[in-house]
Amino acid sequence: MRWNRKDLLGIEDLSVEEINHFLDTAFSFREISTRPIKKVPALRGKTIVNLFFEPSTRTRTSFELAGKRLSADILNITTAASSLVKGETLIDTAANLEAMKIDMMIMRHSASGAPHFLASRVKASVINAGDGSHEHPTQALLDMLTIKDKLGKIEGVNVVIVGDILHSRVARSNIWGLTKLGANVSVCAPRTLIPRFIEKLGVKVYCNVYEAVRDADVVYILRIQLERQKSNYFPSIREYARLFGIDREKLRHLKKNAVIMHPGPINRDVELSGDVADGENSVILEQVTNGLAVRMAALYLCSGGDIESEDTY
Ligand code: CP
């Protein structure tokens, strides 16, 4: 299998073979970060621009670190420090960057579809680092890598995603990816935070967290995205935490070895209690470690690399 895509825009478009090839590539890149000298020449001479028009800690820094580990030159641009604040359009910004012969753009944007719009208008590769409530493909890939690592497989695994499904690009990308790989996926939230017709994506819907988590192998908890909520979807944060927040008491209703995941950033003691976030079932920091390998794979594959034939790493 060869990766033939210039861009990585979402999981919806990817075939099962492409997802598996991607996960295999990321798996092979993990070892580089355990070496005393954590750098390989795979992308020497390539120039990558991180265009983050929304805040980010994990995604932005792991893409930057991934580029550096592969010996690429990497620049960071944020809205506040760019001419976008002076009224320049996204396309003009991208055209000016291309005029400087950059090879790849990694973009996070509040508008769903913004990376797709850019990718169809530039020669450089575009990687979606999260677009509105639409997709966050590298997050889902790192989550799939973590599940495969912890449970040895994805097919047949019971995954329940708990939280703000309505506003979550992480939920959408994970639903596409996990269902393609044969996981049994459920979502659980107050009815107001569940998108209409979500069942059509092949998921079960629960509004009672105890019923939802009973058979779960993975409980994937989402942040309550107060910044995207335009109206009151539930009476109070305290009530949400009591009914849907995963804490020690709810943990007792899970399988003993159930895995707790969260994409970060965590609202501690809202959707997830601090002790469960830091407890033995949690693999949240392993997700972050896998995120670096996944972003190395994304840069490598979209720049035309092939683990079957390359000897540059
Ligand atoms: N999970 C995630 O996308 O985190 P950041 O917003 O910190 O990048």
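What is the handedness of the crossing of α5 and α11? The crossing of these two helices is right-handed, a label given when the near helix is turned clockwise from the far one by less than a right angle, with anticlockwise counting as left-handed. This is a predicted model, in which local features need pLDDT of at least 70 and side-chain atom pairs count only at pLDDT 80 or more, while totals for chains, interfaces and linings use all residues. Residues are numbered from 1 along each chain as its sequence is written, and side-chain values use heavy atoms, leaving out hydrogens and water.

**Helix α5 against α11**
- Helix α5 (residues 137-151) packs on helix α11 (residues 284-302) at an angle of about 120°, their axes being 8 Å apart. Axes are lines fitted to C-alpha atoms, for helices over the stretch in contact, with angles from 0 to 180 degrees between N-to-C directions; helices are DSSP runs of H or I with at least four residues, strands are runs of E with at least two, and both are numbered from the N terminus.
- That angle makes α5 oblique to α11, since under 35 degrees counts as roughly parallel, over 145 as roughly antiparallel, 65 to 115 as roughly perpendicular and the rest as oblique.
- On the α5 side the contact (heavy atoms within 4.5 Å) is made by T138, Q139, L141, L142, D143, L145, T146, D149 and K150, and on the α11 side by E286, Q287, N290, G291, V294, R295 and A298.
- By class, the contact of α5 with α11 has 5 nonpolar, 6 polar and 5 charged residues; Ala, Val, Leu, Ile, Met, Phe, Trp, Tyr, Cys and Pro count as nonpolar, Asp, Glu, Lys and Arg as charged, and the others, Gly among them, as polar.

**Two further helix pairs**
- Helix α2 (residues 58-69) and α11 cross at roughly 55°, and their axes come within 8 Å. The two are therefore oblique to each other, and their crossing is right-handed.
- From α2, the contact takes in R58, T59, S62, F63, L65, A66, G67 and R69, which meet V288, G291, L292, R295, M296, A298 and L299 of α11. The contact of α2 with α11 has 8 nonpolar, 4 polar and 3 charged residues.
- Helix α1 (residues 16-30) packs against α5 at about 75°, with axes 10 Å apart, and the two helices are therefore roughly perpendicular.
- In α1, I19, N20, F22, L23, D24, A26, F27 and R30 meet L141, M144, L145, K148 and D149 of α5. The contact of α1 with α5 divides into 8 nonpolar, 1 polar and 4 charged residues.

**Around the ligand**
- S56, T57, R58, T59, R108, H136, Q139, P263 and G264 surround the ligand, each with a heavy atom within 4 Å of it.
- An oxygen atom of the ligand lies 2.6 Å from a polar side-chain atom of S56. A polar backbone atom of R58 is 3.0 Å from a ligand oxygen atom, and an N or O atom in the side chain of R108 is 2.9 Å from a ligand oxygen atom.

**Backbone details to look at**
- The G264 to P265 peptide bond is cis, with omega near -5°, and P265 sits in the loop between β9 (259-261) and α10 (274-277).
- S71 is not a glycine, yet its phi is positive at about 70°; its place is in the loop between α2 and β2 (73-78).

Conventions: A polar contact is a pair of N or O atoms within 3.5 Å; within protein, one must be able to donate a hydrogen and the other to accept it, and residues adjacent in sequence count only if both atoms are side-chain atoms.
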